[in-house]
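Here is a short briefing on one protein chain. Please look over the sequence and the model before reading on.

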Amino acid sequence: MGTPDFSVPCLSKLIECGHYVCEVFSQPDKPVGRKHVLTAPPVKQFAMEKNIRVYQPESLKNSDALEIIKSHNPDAIIVVAYGKILPPDILNAAKYGCINVHASLLPKYRGAAPIQYAVLNGDRETGVTIMQMDEGVDTGDMLLVKKTEIDINETSEQLFDRLSVIGADALAECLEILEKGEIVPVKQDESAASHTEKITKDLSPIDWSKSAFEVHNKVRGLQTWPCAETKINGKNVKIHKTSLSALTGNKPGAVADNKNVLTVCCGDGKCVDILELQPEGKKRMDIKSYLAGNKIEISTVLGI
């Protein structure tokens with residue numbers, strides 16, 4: 001059971017390791033792009049390439065989904081970013097139940113957006129938890145944990161790609177241990193739990209009164225959607241890439257340097273360099289190209 005790009009390496013790994021994938025559940029096709037072209041989710045596309053049957057129910061609450069699962073008598077149901085709540089009868093429909101690949105070090109960052117929040121919060125470490133699903137949201141026993149460091153300039157998009165591969169390898173290892181009967185489930189520490197909500201455009205505006213590190217993390221964390229945003233000379237601009245600057249300044253949002261880079265002061269007196277941005281209605285561009293066509297004076301204040 002999976003839907004987005006993140007799920008594909010896990011499905012691929014299951015096939016590579018010789019597991020028989022009897023059916024794939026994925027979210028229904030959705031309109032994509034300005035022309036609203038009805039498009040199959042990545043997991044469906046991959047499954048069809050491998051001649052695996054795909055089922056795309058609008059809901060799991062009717063008996064059809066359960067009957068399909070029972071007809072296969074599966075050993076395990078693997079769930080990777082499927083996007084639907086599983087009812088109790090499905091959670092218990094396989095020999096080993098439902099096994100989830102979750103992109104955080106549980107119990108931290110349960111919920112919809114663990115990867116983005118790890119970057120938004122400036123964490124230096126994250127990972128993947130293989131978990132036995134129960135009726136809660138990411139509350140089940142942990143079966144296997146794999147950790148990885150987060151680079152200070154790594155974006156959510158880059159981390160997505162890395163964790164999808166780490167998750168696939170961890171899943172394969174977990175199933176091997178599970179088949180040997182050597183898995184030791186570990187209860188989650190509820191006192192250390194945190195929950196993430198869906199990422200929305202409301203998070204986009206940059207608050208220049210925050211520290212340089214927090215501003216940099218917002219730019220990294222909201223890649224590639226919805227992207228951090230600010231105003232430059234009153235016009236909305238998406239900020240795609242920044243780095244921490246060696247310069248310092250006093251006024252939050254004020255431009256401290258405009259020569260081949262746009263350096264902006266933050267609330268802690270430190271600065272960030274804007275390296276790539278996207279003016280409204282235009283393509284993403286590097287800062288040199290932007291400055292070649294836009295005069296930004298020193299002390300110009302962003303965000304107003």
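Strands here are DSSP runs of type E with at least two residues, and they are numbered from the N terminus. Strand E15, for example, spans residues 270-279 and holds Ile-274. The model is predicted. The protein has 8 helices and 16 strands. Its C-alpha atoms fill a box of roughly 70 × 45 × 30 Å along the principal axes.

**Overall make-up**

- The protein has 304 residues, and 49% of them count as buried.
- Contacts between residues at least 6 apart in sequence were examined, and 64% of these join residues at least 24 apart.

**Nonpolar cores**

- In soluble globular proteins, nonpolar side chains tend to be buried together.
- The largest nonpolar core has 39 residues, and the members that touch the most others are Leu-11, Ile-99, Ile-130 and Leu-171.
- At least two residues of this core come from each of helices H1 (8-16), H2 (42-49), H5 (114-120) and H6 (156-179), and likewise from each of strands E6 (98-102), E8 (125-132) and E9 (142-149).
- H6 gives the largest share, with 8 residues.
- A second, separate core has 21 residues, among them Trp-208, Ala-228, Leu-277 and Leu-302.
- Beyond four places in sequence, Leu-11 touches Val-21, Val-24, Val-43, Phe-46, Ala-47 and Ile-52.

**Helix H2**

- Which residues of H2 are buried? They are Val-43, Lys-44, Phe-46 and Ala-47.
- These buried residues line one face of the helix, because they fall within an arc of 165° seen down the axis of H2.
- An α-helix has 3.6 residues a turn, so residues three or four places apart point the same way.
- Met-48 and Glu-49 are exposed on the other side of H2.
- The buried residues of H2 pack against H1, strand E1 (24-25) and strand E4 (54-55).
- Asn-51 follows H2 and has a positive phi, near 60°.

**Packing of H1 on H6**

- Two packed helices are described by the angle between their axes and the distance between the axes.
- The axes of H1 and H6 come within 8 Å and cross at roughly 35°.
- The crossing of H1 past H6 is right-handed.
- On the H1 side, the contact is made by Pro-9, Cys-10, Lys-13 and Leu-14.
- On the H6 side, the contact residues are Ser-164, Gly-167, Ala-168, Asp-169, Leu-171, Ala-172 and Leu-175.

- Beyond four places in sequence, the contacts of Ile-274 include Trp-208, Ile-239, Val-261, Val-264, Ile-287 and Leu-302.
- Lys-241 and Thr-242 are also among the contacts of Ile-274.
- Ile-274 and Ser-299 are 25 residues apart in sequence, with their C-alpha atoms 15 Å apart.
- Ser-245 lies in strand E12, residues 235-248.
- Ser-245 counts as buried, with 17% relative accessibility.

**The loop residue Asn-153**

- Asn-153 sits in the loop between E9 and H6.
- Asn-153 counts as partly exposed, at 41% relative accessibility.
- A polar contact of 3.0 Å links the side chains of Asn-153 and His-216.
- Other contacts of Asn-153, beyond four places in sequence, include Gln-158, Arg-220, Thr-242 and Ser-243.
- Asn-153 and Arg-220 are 67 residues apart in sequence, yet 7.1 Å apart from C-alpha to C-alpha.

**Backbone details to check**

- The peptide bond joining Leu-106 and Pro-107 is cis, with omega about 10°.
- Pro-107 lies in the loop between E6 and strand E7 (110-111).
- The peptide bond from Gln-223 to Thr-224 is also cis, with omega near 0°.
- Thr-224 is in the loop between helix H7 (212-221) and strand E11 (228-232).
- His-36 is not a glycine, but its phi is positive, about 55°.
- His-36 is in the loop between strand E2 (30-32) and strand E3 (37-39), and is exposed at 58% relative accessible area.
- Ser-299 is not a glycine either, and its phi is positive, about 80°.
- Ser-299 lies in the segment after helix H8 (287-293).

Note on methods. Residues are numbered from 1 along each chain as its sequence is written. Side-chain values use heavy atoms; hydrogens and water are left out. A nonpolar core is a set of buried Ala, Val, Leu, Ile, Met, Phe, Trp, Tyr and Cys residues joined through side-chain atoms within 4.5 Å. Buried means under 20% relative accessible area, exposed over 50%, partly exposed in between (1.4 Å probe, protein chains only). Helices (H or I, at least four residues) and strands (E, at least two) are DSSP runs, numbered from the N terminus. Contact means heavy atoms within 4.5 Å. The arc is that of the directions from the helix axis to the C-beta atoms. A polar contact is a pair of N or O atoms within 3.5 Å; within protein, one must be able to donate a hydrogen and the other to accept it, and residues adjacent in sequence count only if both atoms are side-chain atoms. Axes are lines fitted to C-alpha atoms, for helices over the stretch in contact, and angles run from 0 to 180 degrees between N-to-C directions. A crossing is left-handed if the near helix is turned anticlockwise from the far one by less than a right angle, and right-handed if clockwise.
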